[in-house]
Amino acid sequence: MGLYIEAHIRADLDELWAHTQDPARHQRWDLRFTEIDHLPRAAGEPQRFRYATRVLPFLTVAGSGISAGEKERPDGTRTSALRFASPHPLSLLAEGSGFWRYVPVADGVRFLTGYDYRPRWGAFGAFADRLFLRPLMGWATAWSFDRLRLWLERGITPERARWNWLAEMAARALTVAGCAAGLSRGPVLEALSPAVAFLVPLLLVVALSLALFGPPLATTPAARRCLRTPPTRVTAPRVLRTLERRS
């Protein structure tokens with residue numbers, strides 16, 4: 001799979017399963033989707049769904065897919081797989097497939113995903129995907145996984161987590177701007193005593209470094225908390241191959 005994301009979530013397996021399989025809850029924490037709706041299905045058939053993503057305030061890209069899950073496996077893990085496609089001509093993402101895997105551990109669940117897709121628009125689309133879309137999709141998936149973790153571990157709703165992130169980003173941006181403005185005022189610093197003139201730039205540099213590179217707050221979702229490279233070789237689950245024959 002082209003993209004891999006893994007989060008360690010200290011929560012009950014059934015609770016994590018419910019928050020990821022229920023469309024109403026899924027669309028709240030997953031930044032990649034604005035809307036997810038299950039479509040009617042016959043008993044025993046895979047679940048078909050419709051999804052939509054608001055790319056811009058005036059542009060929503062929609063698509064559809066098929067999914068299936070294995071809730072009871074001999075090794076105690078669970079798996080959910082899907083295939084998806086968007087016919088929208090402005091969607092760079094044409095079609096793809098992926099899976100979620102739930103691996104119980106002593107203090108929670110390893111929740112991981114592997115997925116890949118085919119970009120639209122030929123050579124230009126492939127270039128735009130490598131330069132922009134694929135890094136963005138990886139970041140958005142990891143950020144969303146950590147937002148889900150905060151919801152399950154700390155009770156911070158996805159909406160509150162988003163505001164926490166926006167507030168922290170705004171505070172960091174203001175700090176960077178303020179430090180940059182302070183460091184550029186050479187004549188003002190020269191008018192201070194030698195000790196203060198030395199200390200002020202040092203404090204500004206420390207504040208600037210913390211704003212740029214400091215760890216996120218514990219209540220703020222962050223993609224950096226997720227694993228982005230699989231620790232061992234990952235293979236697509238059997239249920240995904242079943243969907244390939246059905247789609």
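Helices here are DSSP runs of H or I with at least four residues, numbered from the N terminus. By that rule, P158 is found in helix α4, and we will come back to this proline below. Please keep in mind that this is a predicted model.

**The chain as a whole**

- The protein chain has seven helices and seven strands.
- If you read along the sequence, the elements follow the pattern β-α-α-β-β-β-β-β-β-α-α-α-α-α.
- The chain has 247 residues, of which 41% count as buried.
- Among contacts between residues at least 6 apart in sequence, 60% join residues at least 24 apart.

- Helix α1 spans residues 13-21, and its buried residues are L13, L16, W17, H19 and T20.
- Those buried residues line one face of the helix, because they fall within an arc of 170 degrees when seen down the axis of α1.
- As background, an α-helix has 3.6 residues a turn, so residues three or four places apart point the same way.
- The N-terminal end of α1 is capped by D12, with a side-chain oxygen 3.0 Å from the backbone nitrogen of D14.
- D14 also takes part in a polar contact of 2.6 Å between its side chain and the side chain of R78.
- R78 belongs to strand β5, which covers residues 78-85.
- Is R78 buried or exposed? With a relative accessible area of 7%, R78 is buried, because the cut-off for buried is under 20%.
- Setting aside neighbours within four places in sequence, R78 is in contact with L13, D14 and W17, and also with E70, K71, R73, W100, R101 and Y102.

**The second largest pocket**

- The second largest pocket holds about 230 Å³ of space.
- Its lining consists of Q27, R28, D30, L31, F33, T34, T53, R54, R147, P158, E159 and R162.
- Which elements supply at least two lining residues each? They are α2 (23-29), β3 (47-56) and α4 (158-183).
- Helix α4 gives the largest share of this lining, with three residues.
- Sorted by class, the lining has six charged, three polar and three nonpolar residues.

**Lining residue P158**

- P158 counts as buried, at 0% relative accessibility.
- The C-alpha atoms of P158 and W29 are separated by 5.3 Å, although these residues are 129 residues apart along the chain.
- Leaving out neighbours within four places in sequence, P158 is in contact with R28, W29, R147 and W151.

- D30 sits in the loop between α2 and β2, where β2 covers residues 35-38.
- L31 is found in the loop between α2 and β2 as well.
- D30 counts as buried at 1% relative accessibility, whereas L31 is partly exposed with a relative accessible area of 41%.
- The side chain of D30 makes a polar contact of 2.9 Å with the side chain of H26.
- Another polar contact, of 2.7 Å, joins the side chains of D30 and R32.
- Beyond neighbours within four places in sequence, D30 is in contact with S144 and R147.
- How far apart are the C-alpha atoms of L31 and R147? They are separated by 9.2 Å, while the two residues lie 116 residues apart along the chain.

**A backbone angle to look at**

- Most residues other than glycine have a negative phi.
- Phi of W121 is near 80 degrees, a positive value in a residue other than glycine.
- W121 is placed in the loop between β7 (108-119) and α3 (122-154).
- With a relative accessible area of 37%, W121 is partly exposed.

Conventions: Residues are numbered from 1 along each chain as its sequence is written. This is a predicted model: local features need pLDDT of at least 70, side-chain atom pairs count only at pLDDT 80 or more; totals for chains, interfaces and linings use all residues. Side-chain values use heavy atoms; hydrogens and water are left out. Buried means under 20% relative accessible area, exposed over 50%, partly exposed in between (1.4 Å probe, protein chains only). The arc is that of the directions from the helix axis to the C-beta atoms. A polar contact is a pair of N or O atoms within 3.5 Å; within protein, one must be able to donate a hydrogen and the other to accept it, and residues adjacent in sequence count only if both atoms are side-chain atoms. Contact means heavy atoms within 4.5 Å. On a 1 Å grid over the protein atoms alone, a cavity is a set of points where a 1.4 Å probe fits but cannot get out, and a pocket is an open set with protein on both sides within 12 Å along at least five of seven lines; lining residues have an atom within 4 Å of a point. Grid points are joined across faces, edges and corners, and a volume is the space filled by probe spheres set on the points. Ala, Val, Leu, Ile, Met, Phe, Trp, Tyr, Cys and Pro count as nonpolar, Asp, Glu, Lys and Arg as charged, and the others, Gly among them, as polar.
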